[in-house]
Amino acid sequence: MKGVDIGMNSIYGKLSSEVYEIDKYIGKSFGDLEYYQDRLKGIEGKVLEPAVGNGRILIPLLENGLDIEGIDSSNNMLELFNKNCNERGIHTSCYKQDMSNFTINQKYEAIIVPTGSFLLLHQLEEAISSLKCFYEHLEKNGRLILDIFLPENTKEGFVSKRGFTNPQGDTIMLEETLVKIDQINQFAVYHNRYEKWRQGKLIDSELEIFPLKWYGVEEFRLILEKIGFTSIVISSDYKYNQYPTKASQIITFEATKY
């Protein structure tokens, strides 16, 4: 369409990030913010959040007194993160790096990956590389706290539609289509279409490929153990040490580097 930029992007392009900022604003909690605040009590050293996004979790933790830094690979998300920090008059380091293969000259007392961001690494080799990076960047006795979840839909062709309104009054429509389920390699691929409307006119559009991996609960425990993590605690729906009983639950792993 003339005047409208349509392209196929990796995750978190301009419109995707704008929707994220509307839907997952700073401080919004799914139970995860309170859980991570509680599990990080007593931390005196540095904390790292890979895939920090717009700072939804990191900024409240920083304001609560934690010495926490972030990394993200999306320029759009990093812009939002810096904007949100500047608006609040706070500052911390946030590095443009990929969580599957990053290097920071720093060791951390804890590394956190809330709300399933880790599952964006849909190739197993990337996921293993990421977990090894986490391990190497932890201090001795440092902790990794990480969320995963199982797929809600497994039928190719499933479509979901939602609408969002930004502060300027524009409407952004999101259509998510499940285009692939790979049962053998355990990942799904969505094609997400974003359309931005202003006063009845389409002014922008964006197509996004959005992959999500999944793991069995004990499978993921074994992966962590193979990398070297110990004292692994599995929780569900942000209730510490309550083993999951339903496929719909958020599953949190807490593991220690000795």
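A: Happy to! D147 has T252 in β12 as its bridge partner. The two strands involved, β6 (residues 138-148) and β12 (residues 251-257), pair in the antiparallel sense over 6 bridges; pairing requires that DSSP finds at least two bridges between two strands. Strands (E, at least two residues) and helices (H or I, at least four) are DSSP runs, numbered from the N terminus.

Before going on, a word on the basis: this is a predicted model, where local features need pLDDT of at least 70 and side-chain atom pairs count only at pLDDT 80 or more, while totals for chains, interfaces and linings use all residues. Residues are numbered from 1 along each chain as its sequence is written, and side-chain values use heavy atoms, leaving out hydrogens and water.

Zooming out, 7 strands form an open sheet with mixed pairing, in the order β4-β3-β2-β5-β6-β12-β11. Its edge strands, β4 (94-96) and β11 (229-236), each pair on one side only. From one strand to the next, the twist averages 15 degrees.

Helix α2 (residues 32-39) packs on this sheet, touching β5 (108-113), β6, β11 and β12, with contact meaning heavy atoms within 4.5 Å. The direction of α2 makes about 165 degrees with that of β6; axes are lines fitted to C-alpha atoms, for helices over the stretch in contact, and angles run from 0 to 180 degrees between N-to-C directions. Helix α5 (residues 124-136) also packs on the sheet, touching β2 (46-50), β5, β6, β11 and β12, and its direction makes about 145 degrees with that of β6.
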